[in-house]
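Please examine the model shown here together with the explanation that accompanies it.

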Amino acid sequence: MPANKKLLILPGDGIGPEVMAEVRRMVDWFDRRQAVSFDVEEDLVGGAAIDGHGAPLADATMEKAMAADAVLLGAVGGPKWDDLPFDQKPERGLLRLRKEMDLYANLRPAICFDALVEASTLKPEVVSGLDIMIVRELTGGLYFGEPRGIEELPDGTRRGVNTQVYTTPEIERVARVAFELARKRSGRLCSAEKANVMETGVLWRQEVTRVHAAEFTDVELTHMYADNCAMQLVRNPKQFDVIVTDNMFGDMLSDEAGMLTGSLGMLPSASLGDPDETGRRQSLYEPVHGTAPDIAGQGKANPLAMMLSFAMMLRYSLDLDADADLVETAVKNVLDAGTRTADIAAPGAETVSTAAMGEAVLAELDKLAA
Ligand code: IPM
Ligand code: MG
């Protein structure tokens, strides 16, 4: 039997711990099946870490993350920590993980399950069968550019600064990930930037075009301004297959894509670094939804994005495609059977709790594996 995989679990804040509890049960399920087994460590991140360790991510936690085969993260942030200085906020914990693990490629698939076509605010014919992948650059751009800050001006007013900056290698490496994915899917990639107003956009377009000509001529490449891309995503999302874009545009476009699938509660994500000589890569998996403070602690949250993030981990970090398929099929079957948390339920329809949804997926896994 292969060596145990080292997982670091960081539930975080808000609904993070609730949805992560369902993943813990899935970990146990795979352990029992013995095809793969896990050494699980759990630690604090975000507001929970501020309260428990005095910082949004303790150095010791960072070290554990670097040593893990994969990190699973719930969500960070919440009203309790809103007034902290910027560099001490819960979100810094997540951003530190992304930056120090060099997780530059963030894969955010938006799939509209047939059973959820009605849950989207868009017309059924617009979203049915939707299956797109947003590749968001995750360690550069406005999120990390220097200089940044808020300064006091001599006249007593203030000035806030953030810097959008990208280099050739940063664009190249994320473009390659996106081209490779497009190659495995329908062979189409759309690159989104604002080359009409930003130098970083011009550079982005030129570098993506160069990588395409040199290495990926079998993939069909198109370019789109990011604002047009936002509009096209609600007008006709099925025109896309893979979209590659920068950190800030990717943040916005992926939330938008989330609603195409019915609920942000359905969207998983994978954040990946480069593989080393042994093929092992740093990786972190998290749902796209946030901490949802309004429903935290009530057992109402949808655990499927977190469970689907676990499936992405099986696929991208552990090369267990069949097991990832198993989890995704279990989720699909549970939705087909009509099981719904509140976020994906039709008005007036019966809803189940976070734990009951988790249980339904596990029961389905049992059936599928029998
Ligand atoms: C996301 C989130 C984060 C981001 C926050 C929590 C820092 O919105 O993962 O999309 O802005 O990247
Ligand atoms: Mg976001």
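The paragraphs below go from the domains to the ligand and then to individual elements and residues.

This is a predicted model, in which local features need pLDDT of at least 70 and side-chain atom pairs count only at pLDDT 80 or more, whereas totals for chains, interfaces and linings use all residues. Residues are numbered from 1 along each chain as its sequence is written, chains are lettered from A and ligands numbered from 1 in the order in which they are written, and side-chain values use heavy atoms, with hydrogens and water left out.

The protein chain is assigned domain 1 (1-108 + 267-370) and domain 2 (131-260), with bounds that come from an automatic or database domain assignment. The centres of these domains, taken over C-alpha atoms, are separated by 25 Å. To their contact (heavy atoms within 4.5 Å), domain 1 contributes 16 residues and domain 2 contributes 19 residues.

Which residues surround ligand 1? They are Glu91, Arg98, Arg108, Arg136, Tyr143 and Asp251, where a residue is near a molecule or strand if one of its heavy atoms lies within 4 Å of it. Polar contacts are pairs of N or O atoms within 3.5 Å; within protein, one atom must be able to donate a hydrogen and the other to accept it, and residues adjacent in sequence count only if both atoms are side-chain atoms. A polar side-chain atom of Tyr143 is placed 2.5 Å from an oxygen atom of ligand 1. For Arg136, the distance from a polar side-chain atom to an oxygen atom of the ligand is 2.8 Å, and for Asp251 the corresponding value is 2.8 Å. Ligand 1 taken alone exposes 320 Å², of which the protein buries 77%. Such accessible areas come from the Shrake-Rupley method with a 1.4 Å probe; for residues, only the protein chains shown count as cover.

Secondary structure elements are DSSP runs numbered from the N terminus: helices (H or I) have at least four residues and strands (E) at least two. The loop between β5 (131-137) and β6 contains Pro147, and the peptide bond from Glu146 to Pro147 is cis, with omega near 0 degrees. Strands β6 (residues 149-152) and β7 (residues 158-161) run antiparallel and are joined by four bridges; two strands pair if DSSP finds at least two bridges between them. Gly149 has Val161 in β7 as its bridge partner. Five residues lie between the strands of this hairpin, in which Gly156 takes a positive phi near 90 degrees.

Is Lys194 buried or exposed? Lys194 counts as buried because its relative accessibility is 16%; buried means under 20% relative accessible area, exposed over 50%, and partly exposed in between (1.4 Å probe, protein chains only). Lys194 belongs to the loop between β8 (188-193) and α7 (199-215). Not counting residues up to four places away in sequence, Lys194 touches Gly201, Tyr225, Ala226, Asp227 and Phe249.

Ala292 is in the loop between β12 (281-285) and α10 (304-316) and is partly exposed, with a relative accessible area of 24%. Asp319, in the loop between α10 and α11 (321-336), is exposed, with a relative accessible area of 64%.

Helix α12 (residues 354-369) includes Glu359, which counts as partly exposed at 47% relative accessibility. Glu359 is in contact with Glu22 and Arg25, leaving aside neighbours within four places in sequence.
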